[in-house]
Amino acid sequence: MKRYEIKYLLKEDVSALIGTQICVKGWVRTKRGNKNVAFLAVNDGSIIHNIQVVADPQKFEEELKRITTGACIGVEGTLVESQGSGQAVEVQAEKIVVYGEADPNTYPLQKKGHSMEFLREIGHLRLRTNTFGAVMRLRHNMAMAIHTFFHERGFFYFHTPLITASDCEGAGEMFHVSTLDPENPPRKEDGTIDWEQDFFGKFTALTVSGQLEGELGATSLGKIYTFGPTFRAENSNTPRHLAEFWMIEPEMAFYQMDELTALEEEFIKYCVRWALDHCMDDLEFLNKMIDNGLIERLKSVVDTEFVRLPYTEGIKILEEAVAKGHKFEFPVSWGVDLASEHERFLVEEHFKKPVIMIDYPKEIKAFYMKLNDHVEEEGKRQGFSGLTVQGTDVLFPQIGEIIGGSVREENYDKLMGRITELNIPMKDMWWYLDTRRYGSCPHAGFGLGFERLLLFVTGMANIRDVIPFPRTPKTAEF
RNA sequence: UCCUCCUUAGCUCAGUUGGUUAGAGCACCUGACUGUUAAUCAGGGGGUCGAAGGUUCAAGUCCUUCAGGGGGAGCCA
């Protein structure tokens, strides 16, 4: 007998199936009823909604005894129009197979709500909840949106390595990759570990960013994007950081600043619109159970033009706010790296919409960002060079920085100047510098934390709840 | 890593200035109910109060240390 997915039965026109024999399989969310009739809410993961199975308690006495919340069952029966008001169709059971019981005395999930903290302790089972089902379906959809967005625009999906030998990516502490005996590694005469005897013949680590290799792709294929896992061994304990997370890093030859920020804005709007177009059932659930402002916020982002805000102007706005009596924990002046409270003020209180901040002081940004020619007088007054770089941060309400990007410095001498100035270890980076030595071209790119995007799109409060198996300091259970 | 809060039944939480036998809802078991919608109603079982010390006639409650977790901050995506 043909098995139908619940999504099909609830979303497609099944009028032709009414009165026919069908099969559904899935996990029982709740069982209720009386001695005359029993109702089973069955979910198979294809959609957030359950299908209602109606069973005669006399006929299925043995089966119903074994069926509790969490049990996995298969049902054959007649698809009928529901007599109840909560659903259009239901299955009148004629045969029930219990594939797997879920002992209610030990099965941790119940039909009532659980705290996110408790669910994190049962990461292997939390995926069976409505909330995590919704989040994971959205996660899949955002991945599809991202690939579709770039593919439609002629970008190539470019695979950068997860194991890297460069230690200058500059984005944080790295996880070492080694096959040496950690108890007794080979040592050189001076006592240091002899990495030449390691698997790759040199010191290697998990990547913190695919950008540098991505630039190699862009300077040959034109437009590429990466989409893969990234690893940071930072001891960050916040609702916005993971030790293992997924990042999207497009890199485009010949793109200038205005094209870069336009792509950033178009990209985010495309993803959010995709969620609204394809995932409304899940969004409605999350809007009801997790975050009452979710759908409204998503719609407003799609309809709003993001603000372009030069750093120097942003500082002026913040200084004016201080002058008017607004209290910040950290001081504001030209040259400081903005703290979360400053970014939140600009996004949530001043502009009340997403902000793309541009033209940062070179002193607070990475070595590869392109220098602007003009000098900010205010910067010189504060004792800085006054030089800015073509970096961008996209700042979002509630979650802060969602994208960091820049136009890259394509001039070999200027780039080397910055590398020397910042004392960056480039001994293994000759291949990166060759992009500027041979056929160097203007190019730009950005990086987006996939889970940060998901925080925004799902309304979830903690990044550990938008990835199936979060990796954070002291946590790698599942 | 820093600041701060929390840890009581399987889950979510009450528990007063330290004072009899630590409570409720859900879940579970038994029963009732002719179609339920996180069903409802009645009854029942279920606790080393995170761990280890300490103060006190007396500690879930006060103190110290440790562990786990949340929120904020830093680093960033």
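Welcome! Chain A of this predicted model has an average pLDDT of 93, with 99% of its residues scoring at least 70; pLDDT is the predictor's confidence in each residue, from 0 to 100. The model as a whole scores ipTM 0.89 and pTM 0.94.

**Confidence by element**
- Chain A contains 14 helices and 17 strands, taken as DSSP runs numbered from the N terminus (helices: H or I, at least four residues; strands: E, at least two).

**Overall build**
- The C-alpha trace of chain A spans about 85 × 65 × 45 Å along its principal axes.
- Of the 478 residues in chain A, 51% are buried, meaning under 20% relative accessible area (1.4 Å probe, protein chains only).

**The second largest pocket**
- A pocket here is an open set of points on a 1 Å grid over the protein atoms alone, where a 1.4 Å probe fits, with protein on both sides within 12 Å along at least five of seven lines; lining residues have an atom within 4 Å of a point.
- The second largest pocket is lined by 34 residues, with Arg29, Asn50, Lys111, Asn130 and Phe285 nearest its centre.
- Elements giving two or more residues to this lining are β1 (21–33), β3 (51–55), α3 (116–121), α4 (130–152) and α7 (280–289).

**Reading notes**
- Residues are numbered from 1 along each chain as its sequence is written, while chains are lettered from A and ligands numbered from 1 in the order in which they are written.
- Local features need pLDDT of at least 70, side-chain atom pairs count only at pLDDT 80 or more, and totals for chains, interfaces and linings use all residues; side-chain values use heavy atoms, leaving out hydrogens and water.

Terms used
Buried means under 20% relative accessible area, exposed over 50%, partly exposed in between (1.4 Å probe, protein chains only).
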